[in-house]
Amino acid sequence: MIDLKGEIAVVTGGASGIGRGVVELLVQCGAVVAIVDRDADAMAVTLEGLGSAPEVAAFVTDVTVLDEVHEMRRQVLTDLGTPTILVNSVGWDRPMPFPDTDPAFWKEVLDLNLLSTLTVTHEFFGLMLEQARGGRIVNIASEAGRIGSLHEALYSSAKGAVIALTKALAREGARHAVTVNCVCPGVIDTPLYRSMPDPHAASRVRAIPMRRLGIPEDVAAAVVFLASPGAAYITGQVLSVSGGLTMVG
Ligand SMILES: NC(=O)c1ccc[n+]([C@@H]2O[C@H](COP(=O)([O-])OP(=O)(O)OC[C@H]3O[C@@H](n4cnc5c(N)ncnc54)[C@H](O)[C@@H]3O)[C@@H](O)[C@H]2O)c1
């Protein structure tokens, strides 16, 4: 088990799916974890599942609302201190043909997938650069951002931008012991995935070389590795966790 005692982690979207899997593994590894999510009910269920561990603090925040993000930062710094780990897991999409999309939908998808990552990272990146122990940032992007995804033009664009943001910030953080990496989940069985059209189609599983959907724990293992001291010399990288669905060189 990776030892993260003494680390302070912030996980956005930590009340469900992949984010929740990351929170659970970070807590098991000994980190103090701030769960940041806008869904208070899901947050309560997640906290109950963790057995109200004292190492966990909940911040009900909509990460697309700047004032709420500023307030969350203030509270995290007061209650826990400067984070050493940031995992950006908030994201959302509703697949549809590009001609059917409209500017309101474009804004919603870009806000939830790109701007959320940008704003939360902006709140903590400077502090991480200043602290001697540096930091670890892991962004949850998607294979859609690497290879494009049918009927997900906006989502693919936003996730591609998250990958580019990751690499640019990796260069900025490199001399300050701040690493920035990206994990691209394939098809992971979460509430978001189950909201997609026909999630249980056999063809989806047949397309995956490992012949199963991923689970949040599959992604969490990769995220926590990238957040660990052992990953100190890894930055600007994009790691697919997809059962071999895509093998990008
Ligand atoms: N599930 C998959 O197959 C899959 C594949 C590729 C990438 N991803 C990415 O993984 C990440 C997590 O997805 P998931 O499947 O776990 O989704 P999920 O819907 O299960 O969890 C997302 C969480 O984010 C929270 N959230 C949404 N909008 C928010 C906001 N504005 N402010 C604060 N919290 C907000 C939700 O309340 C929820 O708890 C997303 O970035 C998604 O794009 C998922």
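Reader: Which residue has a polar side-chain atom 2.8 Å from an oxygen atom of the ligand?
Author: Welcome to a predicted model, where local features need pLDDT of at least 70, side-chain atom pairs count only at pLDDT 80 or more, and totals for chains, interfaces and linings use all residues. Residues are numbered from 1 along each chain as its sequence is written, and side-chain values use heavy atoms, leaving out hydrogens and water. The polar contact you ask about (a pair of N or O atoms within 3.5 Å) reaches an oxygen atom of the ligand from the side chain of Lys159.

Reader: How far is an oxygen atom of the ligand from an N or O atom in the side chain of Asp37?
Author: For Gly91, a backbone N or O atom lies 3.5 Å from a ligand oxygen. For Asp37, the side chain supplies the N or O atom, and the distance to a ligand oxygen is 2.6 Å.

Reader: How much of the ligand's accessible area does the protein cover?
Author: On its own, the ligand has 830 Å² of accessible area (Shrake-Rupley method, 1.4 Å probe).

Reader: How many residues surround the ligand?
Author: The closest are Ser16, Ile18, Asp37, Tyr155 and Thr190, counting residues with a heavy atom within 4 Å. By class, the shell has 14 nonpolar, 11 polar and five charged residues. In total, the number surrounding the ligand is 30.

Reader: Which helix gives the largest share of that shell?
Author: Helices here are DSSP runs of H or I with at least four residues. H1 (17-28), H4 (103-130), H6 (153-173) and H7 (191-194) each supply at least two shell residues. The largest share, three residues, comes from H7.

Reader: About how much space lies in the largest pocket?
Author: The ligand takes up the space of this pocket, which is lined by 47 residues, with Tyr155, Thr190, Leu192, Tyr193 and Met196 nearest its centre. H1, H5 (144-147), H6 and H7 each give two or more residues to the lining. A pocket is an open set of points on a 1 Å grid, with protein on both sides within 12 Å along at least five of seven lines, and lining residues have an atom within 4 Å of a point. The space in the largest pocket is about 1,300 Å³.

Reader: What is the volume of the largest cavity?
Author: A cavity is a set of points where a 1.4 Å probe fits but cannot get out, and the structure holds one of 30 Å³ or more. Among the residues lining the largest cavity are Asp93, Arg94, Phe105 and Tyr155, and H6 gives the largest share of the lining, three residues. Its volume is about 40 Å³.

Methods
A polar contact is a pair of N or O atoms within 3.5 Å; within protein, one must be able to donate a hydrogen and the other to accept it, and residues adjacent in sequence count only if both atoms are side-chain atoms. A molecule sits in a cavity or pocket if more than half of its atoms lie within 2 Å of its grid points. Ala, Val, Leu, Ile, Met, Phe, Trp, Tyr, Cys and Pro count as nonpolar, Asp, Glu, Lys and Arg as charged, and the others, Gly among them, as polar. Grid points are joined across faces, edges and corners, and a volume is the space filled by probe spheres set on the points.
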